[in-house]
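Please load the model in your viewer and keep the selection tool at hand. The stops below are meant to be visited in order.

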Amino acid sequence: MTRAVLGIIGGSGIYDLPGLEGAHEEVIKSPWGEPSAPVRRGAIAGLPIVFLPRHDKGHRLSPSDINYRANIDVLKRAGVTDLISLSACGSFKEEMPPGTFVLVDQFVDRTHERESSFFGKGCVAHVSMAHPVSPRLRIHLAAAAEAEGIAVARGGTYVCMEGPQFSTYAESMTYKALGYSVIGMTNMPEAKLAREAEICYATVAMVTDFDCWHPDHDAVTVQDIIRVLTSNADKAKALVARLAQEFPREHEPCPIGSDRALDTALITAPEARDPELLKKLDAVAGRILRG
Ligand SMILES: CSC[C@H]1O[C@H](OP(=O)(O)O)[C@H](O)[C@@H]1O
Ligand SMILES: Nc1ncnc2[nH]cnc12
């Protein structure tokens, strides 16, 4: 049995997690470079929690400047088994207005300027991303949201754009026509890297705006987003507190195998592997490489 450690990545408006018992900062070194910030470790209702603000305090980092590999690597080193991303997003659905928390179950990756894999030359791996979100985490999140009286949508597709500019009207209309639910700039490659690191991942996509497609709403601005962020952030913190109270203390095996994703992914023959890359993979792929 593995002890559950819940990781929380705070997005826009969530730079701290108040209420962490015994909270302390920990600087964790990563061979993948600088993470966004030191992690903040503590507990809620006795459940170990590791918090990382992806834009750092003061929102210093833009989505394209975040070192997603270092972030996931340090969370893995910190022992995180289950990871929740708290993210602001725009909505393409009338029935998902600002204030709605969308428990997305799919992602579309339209980013193009980010390192999106731990693997590559000297150790090639292809993990499945067919089902990118842990169904178990979504169930726990839905129960916690219900208990807190938070309006949730159970399922939806999050399209991740590169940014930092918001979408054009044509892009927004296209995403809407394609049936996507929400848009943001950060959950890819984060979700892919979590899968490679065998960490179960789920997103709470917290709607702040209708992007720019809605005939009755102006095109989104950061000022509009900030107005909604504060109340979303308060609800998110209540959600996390409730989730932690109810969360199983032993990591539950993932029904879709997110926590064993590398069992079927490595293709490079042992004798063709690059020792330098293997060293960097010590945390992410240690389970499978050490055998
Ligand atoms: C401040 S609006 C745009 C910004 O907000 C979202 O960030 P996060 O996912 O970290 O909450 C969105 O992805 C953009 O990065
Ligand atoms: N409309 C939008 N597009 C991209 N990222 C966002 N984050 C919050 N709202 C957004």
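This is a predicted model: local features need pLDDT of at least 70, side-chain atom pairs count only at pLDDT 80 or more; totals for chains, interfaces and linings use all residues.

Residues are numbered from 1 along each chain as its sequence is written, chains are lettered from A and ligands numbered from 1 in the order in which they are written, and side-chain values use heavy atoms, with hydrogens and water left out.

**First selection: H1 and H4**

Select helix H1 (residues 68-77) together with helix H4 (residues 187-196), whose axes come within 9 Å and cross at roughly 40°. Helices (H or I, at least four residues) and strands (E, at least two) are DSSP runs, numbered from the N terminus, and axes are lines fitted to C-alpha atoms, for helices over the stretch in contact, with angles running from 0 to 180 degrees between N-to-C directions. If you show side chains, Tyr68, Arg69 and Ile72 of H1 meet Pro189, Glu190, Leu193 and Ala194 of H4, contact meaning heavy atoms within 4.5 Å. The residues of this contact divide into five nonpolar, no polar and two charged (Ala, Val, Leu, Ile, Met, Phe, Trp, Tyr, Cys and Pro count as nonpolar, Asp, Glu, Lys and Arg as charged, and the others, Gly among them, as polar).

Then move to Glu198, in the loop between H4 and S11, where phi is near 60°, a positive value in a residue other than glycine. For background, most residues other than glycine have a negative phi, and most peptide bonds are trans.

**Another cis bond**

Select Gly163 and Pro164, joined by a cis peptide bond with omega of about 0°; Pro164 is found in the loop between strand S9 (157-161) and helix H3 (169-177).

Which residues make the contact between H2 and H5? Select helix H2 (residues 135-148) and helix H5 (residues 222-246), which pack at an angle of about 115° with their axes 9 Å apart. From H2 come His140, Leu141, Ala144, Ala145, Ala147 and Glu148, and from H5 come Ala238, Leu239, Arg242 and Leu243. By class, this contact has seven nonpolar, one polar and two charged residues.
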